[in-house]
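Please look at the structure below, which the following questions and answers take up piece by piece.

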Number of protein chains: 4
Amino acid sequence: MIRFDSDYIEGAHPSILDALVRTNFDQTAGYGEDAFCEEARTIIRRHCNDDTLGVQFLVGGTQTNVTVIDAFLRSYQGVISADSGHINVHETGAPEATGHKVIALPSHDGRLSLQQIKECNEAHWNDPAHEHTVQPGMVYLSFPAENGLIYTKAELTEISEYCRANRLYLFVDGARMGYGLTSEACDVTLADLARLCDVFYIGGTKVGALFGEAVVFKDKEMHRSFRYAIKQHGGMLAKGRLLGIQFAELLRDGEDCLYYKLARHANIQAARIKESFTKKGIRMWNASATNMQFPILTKEQQQKLAQDFAFERWGTFDEKSDVVRFCTSWATRSEAVDALCAAIEKL
Amino acid sequence: MIRFDSDYIEGAHPSILDALVRTNFDQTAGYGEDAFCEEARTIIRRHCNDDTLGVQFLVGGTQTNVTVIDAFLRSYQGVISADSGHINVHETGAPEATGHKVIALPSHDGRLSLQQIKECNEAHWNDPAHEHTVQPGMVYLSFPAENGLIYTKAELTEISEYCRANRLYLFVDGARMGYGLTSEACDVTLADLARLCDVFYIGGTKVGALFGEAVVFKDKEMHRSFRYAIKQHGGMLAKGRLLGIQFAELLRDGEDCLYYKLARHANIQAARIKESFTKKGIRMWNASATNMQFPILTKEQQQKLAQDFAFERWGTFDEKSDVVRFCTSWATRSEAVDALCAAIEKL
Amino acid sequence: MIRFDSDYIEGAHPSILDALVRTNFDQTAGYGEDAFCEEARTIIRRHCNDDTLGVQFLVGGTQTNVTVIDAFLRSYQGVISADSGHINVHETGAPEATGHKVIALPSHDGRLSLQQIKECNEAHWNDPAHEHTVQPGMVYLSFPAENGLIYTKAELTEISEYCRANRLYLFVDGARMGYGLTSEACDVTLADLARLCDVFYIGGTKVGALFGEAVVFKDKEMHRSFRYAIKQHGGMLAKGRLLGIQFAELLRDGEDCLYYKLARHANIQAARIKESFTKKGIRMWNASATNMQFPILTKEQQQKLAQDFAFERWGTFDEKSDVVRFCTSWATRSEAVDALCAAIEKL
Amino acid sequence: MIRFDSDYIEGAHPSILDALVRTNFDQTAGYGEDAFCEEARTIIRRHCNDDTLGVQFLVGGTQTNVTVIDAFLRSYQGVISADSGHINVHETGAPEATGHKVIALPSHDGRLSLQQIKECNEAHWNDPAHEHTVQPGMVYLSFPAENGLIYTKAELTEISEYCRANRLYLFVDGARMGYGLTSEACDVTLADLARLCDVFYIGGTKVGALFGEAVVFKDKEMHRSFRYAIKQHGGMLAKGRLLGIQFAELLRDGEDCLYYKLARHANIQAARIKESFTKKGIRMWNASATNMQFPILTKEQQQKLAQDFAFERWGTFDEKSDVVRFCTSWATRSEAVDALCAAIEKL
């Protein structure tokens, strides 16, 4: 069985493990206040072209989403999200468990449009009884979205401008950031994100690290207080160095860094899978140009492929067919994709 | 500078790293539903002599404490703790952030006595206005306590009996469990804990692992629902295998397991430090027989030792002296302790 | 200006005020532990035909909803509601502020069907990753719903049976209970509700009282602990007697009680309004047979009526027309309805 | 039995009831947006000598405390309180239920001193690991304190200055405000409180109203958002007019207002009780010059008085004696105090 069912089915890129082994007996302070974390912070600020940014490291995505939401928002505020957003669907109500309603907007392509955000925010403030509903305080976007699509620089810019003019924090979930930034379809850089967002994160777990998410933010109060939020939400790793070591390893060397190389590899393998389906006349559900591909397969086609490959059922397309998801990752072997493509051809 | 300021200043025992490297390219399911985690569960149940126990893995201590407290308690219940308990002092109000008051009882030696628990619980229920105060729902003990002391089997047994007779969950924080269980002063085993507690955890982070805490529980509703709580509190590691691999490595081989070996090593090194202070006529603050030792040092003595050694100021003893803490760990080199003992002798 | 914009625009029925004045200098215990509250409890249990029921009094609806949800649910559970349910729309995220996600199901007529509840619950438990979403723990219904419609006994019975078979609490919001129970369309009694629900409340605020909601429940743990939840949520009125006095006044005399008389009066006045619109050829949005009526009015019709009458815009119907709401209450004067009917006729 | 066991054992001053009856059929908007509330706001601003203040009305004390704390604080902040403070002792963990730890400081006389606040705040910020403990964000004082003592203007001024210099909100719980302001020992006015505090409230429940607390604040963000917090915490009364009517009635007429008259009456009656005990040679526990008096009585003395009078056991004084509490209120009849004084004389 060759697995394409998620992008976290292996451990970490060997360079990461090497770095952990190499530094294992160095004695450092705990909780992310060590030299490795400092180095990683410097590297990230350089990528973002802004040496005043706050950078903090957490272990996982749900933890990061919740910590950001609860740290930035006031108790009576909620967060606007696509209804398909990870925080609305797959986090066991974690944002709500910290007291914040997810204001879920119906999304046709897994992304939020400026228009939707605007309508939602204006409907709130135009309602004479607005205090009877949660005050919108933040906009949450995933980059790439849960279905692999990304935002253009133009889209992010207009959303950012609206948010700033309307006291809404703009928060970008970057659990799969690398796959987005290195997509052929992408015209956005980390420096753009640092400029346009209030807070975003660079996902390590799904792009080569054992685990780890690097949160980047501007807000002054958060410079003073975000670490409290991390600790309160159980996200402050005792051996914080593990996060610094991994992110330094991933992001060192600017545009040539390991993080981009690994993500590009995954995107290339995903593009091969897409091409293979398309050549076979099998329709793709959307135009994802990242590491997740969503062919529309009949039950029969699914059964055939499932004999040798693991993939995920994403949803129902019509009576005969489902949308399914194939994920590649930094760890996907070219031979595994060869085998998959061969099987697709035989469908 | 040789560091004795905490027990998490290095990475992990090399066997742990080897195991991670060795398994790195195995493809597994995420979220702790892989074969490594299953193996670790089986091993832990065997240690506990009870194959019906629930076993789940989390990343860190604060996260684990909060997840357990919030999963087990009803919204209107609080948790009884020594005022020096980790949940009351060093978790940025994390239990309160989930809605639960810590009912902090003054503790002379860092531990709770049956008498205190009883008085607190009876005072609550005898108060005609008891619903104006938080309902006690759980007793939280640390084993060892934050000051290195442990509970005897007799003490745990009587506390356990009282808790069961009075609808109080008994929860034991085992962030440093290994150092407690292998202490010369200890007559308690994992099987005892599994029998006497409702829920406890075996700490990995401070005893040889990169990170990780293994929660063990009996409660039926928790068998069904504890994983929801983990996910909701951001504690469900995507690559959950990392936890299974580490705990299997640490706890395999029963009484001869790596976990106990590492902990014993730390305790022996700590005993050498204690002996050295005592021989020098320097008084120890308490009778800790685990990996943390607390000599009472004058400012001058502190300054001298601080030239070459890192340790932590624990509190004020009197006008001239402070209590300070020296920690050993699985990673403490015997030569480092030699150097410290030599320096103590020269004080 | 004659107001039909809500059912709480006046104070209380004069008998209520008389009772408050009459008892004003009686000295009683606080917090609902006085003889007036005891009398009201007995009266309510008699209506419900079950003298083992727990009965507690709170001040307002949002407070009551949140207290019930947070008291009954475990931290990792959510509450299933129609998307138009009051808890989902008009409580400023109060349920979420206590940590519980509202699992909002799209509703065509403002009510939930057994089918919807079933599909939602089964989809959850059939999802292999169910712990990544909130565990359904309760079903919330409003009786009448926010749009005036009610459930039949048959509907409530099948929902109740499903809930009991599937570990879901059934909670009925009765903020407008009186208007529902006395509707011509209603075949449900308080005794039915007490039998079929786990917890429901009898709304006073909108049916003749100054304020107050009487919560009725069966659950044993809640008998022991619901008052903690009330106090913790700020709902325990110091002069709790005020609630007991009002509910005793409203519900004394069984089927002939003031509560039903007042509600019937409102329903009759509402029926007159409905008839008036219908006679005029103006379509009603739904079949509400309670105190809220929803005609579909053009902008022009709205403007004309708005000269002398206050009513609420409920939503957009089509390009030309809106759904608007006219509310009657226990306090609606027959002459006011005469005037409104005359104005409708002239449209 | 004549009751002196609390200050909320009767209904409301007859003028309040008259006002409610008089206005009963006026039709108004709900939720505190009516003309009565506006009038009360204007009156309160005049008392406070500041027409820019925010004024909002809630129903009860716990509700108000929690709403203020949760509205003003960020998620990672806690509130400093005397350990005897109402929020720490008698609110069923309500502040913690909104996520905020009460940082309880031991208090000898039920009040907080500048020195204590300063030490607590400095200890926090001087701790290198300060993010491992809750960030102090607010100071909570009760005026009068739970034991009847008050703060002088000089004390409040220095606390206020320290708070402003250190980013701590100063919040004064005024559940018994009237009894404090009209105490002979008091040199503080509402205008002083409005100047020195960030937020405080004027308690109605215990000083003549049926219920109600009027919150007064300066903060700009709260002007925009405090009503969200009220609604979210279930404190927004549907018939908000009831609060406006009561506070207008109580506070109309400046220094000659009913509120002060009622409070003065209670204080005078309390002074008579105090004098009676003192004359009898019975020691008072503290120097309270407000409506609560705390004699130290032997068991035998308690038994004798308990035959005809209800009072509250406050705590143990020594083996033979307890501190007990006698409360007067706006409703205490002079004849009742005559009877009590006669009984004291006979002890």
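Q: What is the bridge partner of Y201(C) in β8(C)?
A: This is a predicted model, in which local features need pLDDT of at least 70, side-chain atom pairs count only at pLDDT 80 or more, and totals for chains, interfaces and linings use all residues. Residues are numbered from 1 along each chain as its sequence is written, while chains are lettered from A and ligands numbered from 1 in the order in which they are written. Strand β7 (residues 199-203) and strand β8 (residues 213-217) of chain C run antiparallel and are joined by five bridges, where strands are DSSP runs (E, at least two residues) numbered from the N terminus and two of them pair if DSSP finds at least two bridges between them. Within β8(C), the partner of Y201(C) is V215(C).

Q: Which are the edge strands of the open sheet in chain C?
A: Seven strands of chain C form this open sheet with mixed pairing, in the order β2-β8-β7-β6-β5-β3-β4. The strands that each pair on one side only are β2 (54-58) and β4 (102-105).

Q: Which element supplies the largest share of the side of chain A that touches chain D?
A: In total, 15 residues of chain A are in contact (C-beta atoms, placed from the backbone, within 7 Å) with 15 residues of chain D. On the chain A side, α3 (61-72) and α10 (220-232), helices being DSSP runs of H or I with at least four residues, each supply at least two residues. The largest share, six residues, comes from α10(A).

Notes. Contact = placed C-beta atoms within 7 Å.
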